[in-house]
Amino acid sequence: MTEIYNKFRHDAENKSIDYSHRQKIGYNISRYDEAVVRGKKQYANLELARQRAAGLKYKAIIELEKNLADFEANFERNGGKVIWAQDAADALREIDAIIEKHNATRVVKSKTMVSEEIGLNQHLEAIGIESIETDLGEFIVQQAGEPPYHIVTPAMHKSKEDVAKLFQEKFGMPANSSPEQITAFVRKLLREKFFFADIGITGANFIVVDTGSVCLTENEGNGLLSMTFPRVHIVVAGIEKVIPSFKNLDLFWPLLATHGTGQNLTAYNSIISGPRQEGEIDGPQEMYVILLDNGRTDVLARKHQRRALSCIRCGACLNTCPVYKTIGGHSYGSTYSGPIGSVITPWLKGMSDYKHLSYASSLCGSCTEVCPVKINLHELLLYNRNDSVKMRTYSFFDAVSMYTWKKIMMNRKWMDTGSSKLKNMVLNRVFAKAWGQRRQLPAISERNFKQLWEERREGKVK
């Protein structure tokens, strides 16, 4: 067992028995669930919209090489610069070079999961660059020294009381500060950060191929400020974010908003096609798009799992997942949690270290049912499990126990050998620890189904 797996088991167990945590996350997700039900009413035929989005996004992934090349050509024609990054180290080196070129010392960041993936905040802090998260939820978890808890809602696990206590400790605010007071405080603090920032860093919800544009979706306006005040705008985006045409946004934007937050459309939807042009009064003087692979081509190489690259990061699969709602986002130990994280993380960060995430699932299929782009997530988890076995990432104990179990289950005589008392004793000795301290192994009955059936046929049981 790896250290990563042991930590996952430890953290998952502690969170699953933490009633306060489950109460907070259950309440917060329930509010989203109510909003999503209302949001879906805007569709006359939601299933048709999902089918069209699934087809378009998957086709864009299948033709990824051509789409990325076309985007690069169109974006650079608009005056921007595209940088290709094979992994996190490449991306950080390129960002360092841009910072050095522009003598930058202050960075503002709009919410972006891919920057969490490459460890950007920690890196900038290590080289003496001030990096401030400007999304309210991201700002809260940054002050708490924590990674985001959820793809869409970074501070999903915190109550308003938790946040008030944090701001008392960090900024001396009253312990009973209301959400409105905290929001006003953060807004005032961030205005100064936006005004004096040298570089603004954002992610991208979509990369539009035919116009060479980056699309950003948000509810607070911090994304707009992050790319209009600073003189340099850096976009860090995974290569899977492509959609073929500007026209596709009328399909994808409402789907993202509805399934993510229950809105008909997110408050701010920005389309950025390059740096400030002649005659324009705002926007960055220079704009860079860093296209990040970081294991995505390994996902693309899988015949089945490549469909996971269609994900538009709405968070719907997390909100419906019974495992996520029980163990929380931090237990996964990865940037991307929930069902989608369990599918892609073993390929992004290594199957041997993260295969356990593909097993941390009830396979109920709820994630597949709610996905706006119809990714068959619960099936992809099974493909991951199968691949992990083919890659021989299992332990000696796994191999011996599965071999023995298979031999016994395929031999009727062996199955009937021994009393139920002996079988239960063996199971408890061998598997009880793996089953968990707070779960009890199911007991084998005194008579099996074959015996009961024969007794019924012989008339011994009515």
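Colleague: What does arginine 106 count as, going by its relative accessibility?

Modeller: Arginine 106 counts as partly exposed because its relative accessibility is 35%, where buried means under 20% relative accessible area, exposed means over 50% and partly exposed lies in between, using a 1.4 Å probe and protein chains only. Please keep in mind that this is a predicted model, in which local features need pLDDT of at least 70 and side-chain atom pairs count only at pLDDT 80 or more, while totals for chains, interfaces and linings use all residues. Residues are numbered from 1 along each chain as its sequence is written, and side-chain values use heavy atoms, with hydrogens and water left out.

Colleague: Which residue does arginine 106 form a salt bridge with?

Modeller: Its partner is aspartate 198, with the closest N and O atoms 4.0 Å apart; a salt bridge here is a side-chain nitrogen of Lys or Arg within 4 Å of a carboxyl oxygen of Asp or Glu. Arginine 106 sits in strand E2 and aspartate 198 in the loop between helix H10 (179-196) and E4, so this pair ties together parts that are 92 residues apart in sequence. Helices (H or I, at least four residues) and strands (E, at least two) are DSSP runs, numbered from the N terminus. Aspartate 198, at 8% relative accessibility, counts as buried.

Colleague: And what does lysine 109 form a salt bridge with?

Modeller: Lysine 109 forms one with glutamate 133, where the closest N and O atoms are 2.5 Å apart. This pair also links distant parts of the chain, since lysine 109 is in strand E2 and glutamate 133 is in strand E3, 24 residues apart. Lysine 109 is buried, with a relative accessible area of 0%, and glutamate 133 is buried too, with 1%.

Colleague: How do E2 and E3 run, parallel or antiparallel?

Modeller: They run parallel, with four bridges joining E2 (residues 106-109) to E3 (residues 130-133), and strands are said to pair if DSSP finds at least two bridges between them. Within that pairing, valine 108 has isoleucine 132 as its bridge partner in E3. E2 is also joined by three bridges to strand E4 (residues 199-202), again running parallel, and there lysine 109 stands opposite isoleucine 201.

Colleague: Changing topic, what is the strand order in the open sheet of four strands?

Modeller: The order is E8-E5-E6-E9, with mixed pairing. Strand E8 (242-243) and strand E9 (268-272) are the edge strands, each pairing on one side only. In the hairpin of E5 and E6, with four residues between the strands, glycine 212 takes a positive phi near 65°.

Colleague: How many of the residues of E6 are buried?

Modeller: Six of its six residues are buried. In a regular strand the side chains alternate between the two faces of the sheet. In E6 both faces are covered, with Ser213, Cys215 and Thr217 buried on one side and Val214, Leu216 and Glu218 buried on the other.

Colleague: Back to charges: how many salt bridges does the structure hold?

Modeller: It holds 22. Among them, arginine 93 pairs with aspartate 90, the closest N and O atoms being 2.3 Å apart, and these two are separated by about one helical turn because they are three residues apart in helix H5 (residues 88-101). Elsewhere, Glu117, Glu240, Arg296 and Arg313 are linked in a network of salt bridges.
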